[in-house]
Amino acid sequence: MMNDRGSTGLPTNDEWAMLGTLKAAAERMSGHTSIFHSVIAAVLTKDGTTHLGINLHHYTGGPCAELTALATARLQSNSTPICVAAFSLIDRRLLAPCGKDRQIFIDYAPSIRVLIESRGEVRAYTPMELTPHAERWVPEVGMVPLVSPS
C-alpha cells in the first residue's frame, strides 16, 4: 500500500461521491434487474464527472458493466478515467472486476483505481495489485511483461 489516499488505500472524497452516484443508480434499477442486466458500474474521470454503465449478459460473453462505463466515459469526456467500481444489482454489494476487465484496465487505464469491498471495508487497488504477474498489451509491440507489486 502506498498511502491512505494515493494509488492504493482508502477511497478519496471524489471516489466516495462516485460510489454514492453508483448506489443511487442501483436503487433506481431496483425491481428492473434481470439475467441481462445484473451489474451496474461507475467510472470517475479526472474532471470529476461520474459515468455509468450496465452489463448486457449474453451467452457469447456480452460486455461487462465496467467496460460500458469506460466506453461511456470516453464518449462523454476527454478526461482520463481515474477510478472504477461495479455494484451487483442482485447481491447489492460492490464486486471485484472479472479477469477480462482487469486485463483491459491494465491495457487501457493502468493507473485507474479499482474500488472493491474486502472484509467489510471499501479499498482502492491498482489493476496490477488485483492481477499480479500480468502482462500489458501494447498495440505496436504486443504483450509486455510488467513487474508485479511487492
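Helices (H or I, at least four residues) and strands (E, at least two) are DSSP runs, numbered from the N terminus. Valine 39 is found in strand β1. The model described here is predicted: local features need pLDDT of at least 70, side-chain atom pairs count only at pLDDT 80 or more, and totals for chains, interfaces and linings use all residues. Residues are numbered from 1 along each chain as its sequence is written, and side-chain values use heavy atoms, with hydrogens and water left out.

Burial is defined by relative accessible area: buried means under 20%, exposed over 50%, and partly exposed in between (1.4 Å probe, protein chains only). Valine 39 is buried, with a relative accessible area of 14%. Contact means heavy atoms within 4.5 Å. Leaving aside neighbours within four places in sequence, valine 39 is in contact with Gly53, Ile54, Asn55, Ala65, Ala86, Phe87, Leu89 and Leu95. Proline 127 stands 88 residues from valine 39 along the chain, and the C-alpha atoms of the two are separated by 19 Å.

Helix α1 has 17 residues. From its first C-alpha to its last, α1 reaches 25 Å, close to the 24 Å expected at 1.5 Å a residue. The expected span is 1.5 Å times one less than the number of residues in the helix. Six names make up the buried set of α1: Glu15, Met18, Leu19, Leu22, Ala25 and Ala26. These residues lie on the same side of α1, because they cover an arc of only 125° around the axis. The arc is that of the directions from the helix axis to the C-beta atoms. On the other side of α1, Asn13, Glu27 and Arg28 are exposed. The cover over the buried residues of α1 includes β1, β2 (50–54), β3 (81–88), β4 (94–95), β5 (113–118) and β6 (121–125). Just after α1, glycine 31 takes a positive phi of about 85°.

Glutamate 15 belongs to helix α1. Its relative accessible area is 3%, so glutamate 15 is buried. Beyond neighbours within four places in sequence, glutamate 15 is in contact with Leu10, Leu44, Cys83, Arg113 and Leu115. One of these contacts, arginine 113, also forms a salt bridge with glutamate 15, the closest N and O atoms being 2.6 Å apart. Arginine 113 lies in strand β5 and glutamate 15 in helix α1, so the pair ties together parts that are 98 residues apart in sequence. Arginine 113 is buried too, at a relative accessible area of 7%.

A salt bridge is a side-chain nitrogen of Lys or Arg within 4 Å of a carboxyl oxygen of Asp or Glu. By this rule the model holds four salt bridges. In another of them, the side chains of arginine 92 and glutamate 27 meet at 2.9 Å, N to O. Arginine 92 is partly exposed, at 32% relative accessibility. Glutamate 27 counts as exposed, at 52%. A further salt bridge joins the side chains of aspartate 91 and arginine 93 (3.7 Å, N to O). Aspartate 91 is partly exposed, with a relative accessible area of 47%. Arginine 93 is partly exposed as well, at 41%.

Backbone angles set two arginines apart for description. Arginine 92 has a positive phi of about 60° although it is not a glycine. Arginine 119 also has a positive phi, near 55°, and is a residue other than glycine. Arginine 119 is placed in the loop between β5 and β6. It is exposed, with a relative accessible area of 84%.

Helix α3 (residues 99–108) buries Asp101, Phe105 and Ile106. They cover an arc of only 140° around the axis, which puts them on the same side of α3. The cover over these residues includes α2 (65–76), β3, β5, α4 (127–130) and β7 (135–138).

Isoleucine 35 is found in the loop between α1 (13–29) and β1 (39–45). Isoleucine 35 is exposed, at a relative accessible area of 57%.
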